Amino acid sequence: MGRAFEYRKATKLKRWGHMAKTFTRLGKQIAIAVKAGGPEPENNPTLRSIIATCKHENMPKDNIERAIKNAMGKDQSDYKSMTYEGYGPHGVAIFVDTLTDNPTRTVADVRSVFNKFGGNLGTMGSLAFIFERKCIFTFKKKDGLDMDELILDLIDYNVDDDYDEDPEDGTITIYGDPKSYAAIQKHLEECGFEDVGGDFTYIANDYKDVTPEQRATIDKMTERLEEFDDVQTVYTNMRPEE
């Protein structure tokens, strides 16, 4: 489980410290899903998947329902998915995933952080050779589950052999081709898995070694980027700590 395990270590949330940020991010995802497919989860697979992710993140039911209701309002702004990529200090690649209703504001915020830390904000697609986009699904593990068999069943959807298992939460996380998001979700639900939460992510295919001092600087830059409400997730190719 090499690459997936490294991804898990690199991106695992500091749950309590980032709870409000996580709820804001999920609220925006709910807004986009509702606008695209309606407010009824049973008729909107994307919304159903996001709600499952909300449950995994312990987002209160009232927050979920309020986000759906707000998304139905006529005065709600439309969010756009925008990505920003470049290099931070010490040659570490940094990929910033955002949902924004004001790209001009967002790019200015992101650029200010890159400049502050001596980095360089590049053009969209400049890090395509370093980061690979994946869809990701987390679901409750069933008794007697044969993961090799499940992966084989999903082979037509380019699901990775590597997967993550969290014994504490009793969940499995798999990674696949983003174009197969709907098909993978449908298969998992038809197999009877509970709370199938889906999302999209970026995984580095080439990690960079750093010193403890360099890691501290990159961590500070990442934390500063994550303070912006528009920023969903920040990815780097800094090798995770052992």
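1. A word on pairing to begin with: two strands pair if DSSP finds at least two bridges between them. Please keep in mind that this is a predicted model. With that in place, look at β5 and β6, which run antiparallel and are joined by 4 bridges. Within that pair, E165 stands opposite I172 in β6. The hairpin of β5 and β6 has 4 residues between the strands, and G170 takes a positive phi near 70 degrees there.

2. On its other pairing, β6 (residues 171–176) meets β4 (residues 131–140) in the antiparallel sense, over 6 bridges. I172 turns up again here, as the bridge partner of F139. So which strand order does the sheet have? It reads β5-β6-β4-β7, an open sheet of 4 strands with antiparallel pairing. At the edges are β5 (163–166) and β7 (197–204), each of which pairs on one side only. From one strand to the next, the twist averages 25 degrees.

3. Two helices lie across strands of this sheet, and their directions are worth a look. Helix α3 (residues 45–56) lies across β4, β6 and β7, running at about 80 degrees to β7. Helix α7 (residues 181–190) also lies across β4, β6 and β7, and it runs at about 15 degrees to β4.

4. Now for another sheet. Here 4 strands form an open sheet in the order β3-β1-β2-β8, and the pairing is antiparallel. β3 (120–121) and β8 (231–236) have a single partner strand each, so one side of each is left without a neighbour in the sheet. Strand β2 (residues 93–100) is joined to β8 by 5 bridges, the two running antiparallel. In that pairing, F95 stands opposite Y235 in β8. Helix α2 (residues 19–37) packs on the sheet, where it touches β2 and β8, and its direction makes about 115 degrees with that of β8. α8 packs on the sheet too, touching β2 and β8, with its direction at about 165 degrees to that of β8.

5. Next, the helix pairs. Two packed helices are described by the angle between their axes and the distance between the axes. For α2 and α3, the axes come within 9 Å and cross at roughly 165 degrees. Angles over 145 degrees count as roughly antiparallel, and α2 and α3 are therefore roughly antiparallel to each other. The crossing of α2 past α3 is left-handed. From α2 the contact takes L26, Q29, I30, A33 and V34, and from α3 it takes T46, L47, I50, T53 and C54. By class, these residues are 7 nonpolar, 3 polar and no charged.

6. How do α5 and α8 cross, and at roughly what angle? The axes of helix α5 (residues 103–116) and helix α8 (residues 212–226) come within 10 Å and cross at roughly 165 degrees. This pair is therefore roughly antiparallel as well, but α5 passes α8 in a right-handed crossing. V110, V113 and F114 in α5 meet M221, R224 and L225 in α8. The contact has 5 nonpolar, no polar and 1 charged residues.

7. Finally, a note from the record. An unreviewed UniProt entry annotates residues 79–238 as "domain: TACO1/YebC-like second and third". Over those residues the chain is 29% helix and 32% strand, with the end C-alpha atoms 29 Å apart.

Key: Residues numbered from 1 in each chain as written. Predicted model: local features only at pLDDT ≥ 70, side-chain atom pairs only at ≥ 80, totals over all residues. Heavy atoms only, no water. Axes fitted to C-alpha atoms, helices over the stretch in contact; angles between N-to-C directions. Parallel < 35°, antiparallel > 145°, perpendicular 65-115°, else oblique. Left-handed = near helix turned anticlockwise from the far one by under 90°. Contact = heavy atoms within 4.5 Å. Nonpolar A, V, L, I, M, F, W, Y, C, P; charged D, E, K, R; others polar. UniProt positions renumbered as here; feature names shortened; annotations may be inferred.
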